[in-house]
Amino acid sequence: VRTIRALPVSIEEKNRLVIRGEVYLSKEQFKKINHERKLNGEPLFANPRNAAAGTLKVLDPSIAAKRGLSIFIYALEECRRFDNHYDDLMWLKGVGFPVNENIFLGKSGQLKGFVDKIESLRKDLDYEIDGAVIKVNRYNIREILGETIKYPKWAIAYKYEAEQVTTTLKDVIFQVGRTGIVTPVAILDTVNISGSNVSRASLHNEDEIRRLGVKIGDTVFVEKSGEIIPKVIKVVVDFRKGDEKEILFPENCPSCGSKLVRIDAYWKCLNHQCPDRVKGSIVHYASRDAMDIKGLGDKSVERFYDLGILRSITDIYRLKAGDLKGLEGFGDLSEKNLLDSIEESKNREFYRFIYALGIDGVGGKMAQTLATSFKNIDRLINATFEELTSIH
């Protein structure tokens, strides 16, 4: 972050300041980087957001310095100067921090006008945006409104209409998640949407396939829902040639072969030993919001499962020094870091353990509620129906 030239090196301030911001790559800088990578025979970056995030993870600051990152500061978290957000932003701007020019302060009746104004500027901005953020200005009112475990109730992102493009749906594969839900995924001719290459899109479930009337070989409109998740929107029926194929949902699980069962809108595999379900459960258990075990991502878990090293969540805690010896890409240091992270996970808060178990219907907030009510795993396991339903 210190390589970002827009940030002041020092300011006249004795107190500890905590500020929040977002690092980005300008469109011009992104083009320049990809042009240089092309000349050097290196793979091109898919979009500015991924390139900026990747640059911050590079260990060599000289590489980050060459890429020309930019930043916008958008909040003062500690040592606030005023009773409201806008005046604090203006103070930060006054002492040299880069603050976005397109900020408007007004009453609720003016919001639509501000949102439309930002949308009108969208194509001329030198950075990608997908919407406008509306925030309550006064801090005391924010306190009253509060927040959920995922987002503040005093702010909302107003998303602009997503960019839609056409491409060909070449095939459909079926993926099994950790809860057993089978999701159809469209394999597409690669197409660029909002600055990133898209070759897959979710079709959600069998009902959605029927609603769209989509077939393999169809020309389809695709958009990135919330500018992130690719989604098939509609079929261009006029482009059909007559050789398109119906999409048939499998009767058996594509991972373990068990008979699928229809529950509500979804087909599910009920086999708890299904390889894809087990792998998904281990990845969820080790994820950042759960037990935060670094080194157990999708690819590592897939590899360890296939090699017979991890076949359940409990196997994580049976791993010992030497078990990963000889594995390509896993030296002594990698193994030590993984084992240290596993050891650290034993000290995580109780609610994170409940969430990590991946119980249907138990998300982060529910896990906190259960942890507060039952205090330990034995009391939770032995909870009666009446005890559970008495909790707000």
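Lys 375 is found in the loop between helix H12 (364-374) and helix H13 (377-381); helices (H or I, at least four residues) and strands (E, at least two) are DSSP runs, numbered from the N terminus. The model is predicted, so local features need pLDDT of at least 70 and side-chain atom pairs count only at pLDDT 80 or more, while totals for chains, interfaces and linings use all residues. Residues are numbered from 1 along each chain as its sequence is written, and side-chain values use heavy atoms, with hydrogens and water left out.

Reader: Is Lys 375 buried or exposed?

Author: Lys 375 has a positive phi of about 70° although it is not a glycine. Buried means under 20% relative accessible area, exposed over 50%, and partly exposed in between (1.4 Å probe, protein chains only). At 53% relative accessibility, Lys 375 counts as exposed.

Reader: Is Asp 292 buried or exposed?

Author: Asp 292 sits in the loop between helix H8 (275-286) and helix H9 (298-306). Its phi is positive, near 50°, and Asp 292 is a residue other than glycine. With a relative accessible area of 17%, Asp 292 is buried.

Reader: Which residues is His 284 in contact with, leaving aside its neighbours within four places in sequence?

Author: His 284 belongs to helix H8 and is buried, with a relative accessible area of 10%. Contact means heavy atoms within 4.5 Å. With those neighbours left aside, the contacts of His 284 are Arg 178, Ala 290, Tyr 355, Ala 356 and Gly 358.

Reader: Why are the buried residues of H4 on the same side of the helix?

Author: The buried residues of helix H4 (residues 85-94) are His 85, Asp 88, Leu 89, Trp 91 and Leu 92. They are on the same side of H4 because the arc they cover around the axis, taken from the directions from the helix axis to the C-beta atoms, is only 160°.

Reader: What do the buried residues of H4 pack against?

Author: At the start of H4, a side-chain oxygen of Asn 84 comes within 3.3 Å of the backbone nitrogen of Tyr 86. After H4 comes Gly 96, with a positive phi near 115°. The buried residues of H4 pack against strand S1 (18-24), strand S2 (70-78), strand S3 (131-135) and helix H6 (139-145).

Reader: What is the relative accessible area of Ile 263?

Author: Ile 263 is found in strand S10 (residues 261-263). Ile 263 is partly exposed, and its relative accessible area is 35%.

Conventions
A polar contact is a pair of N or O atoms within 3.5 Å; within protein, one must be able to donate a hydrogen and the other to accept it, and residues adjacent in sequence count only if both atoms are side-chain atoms.
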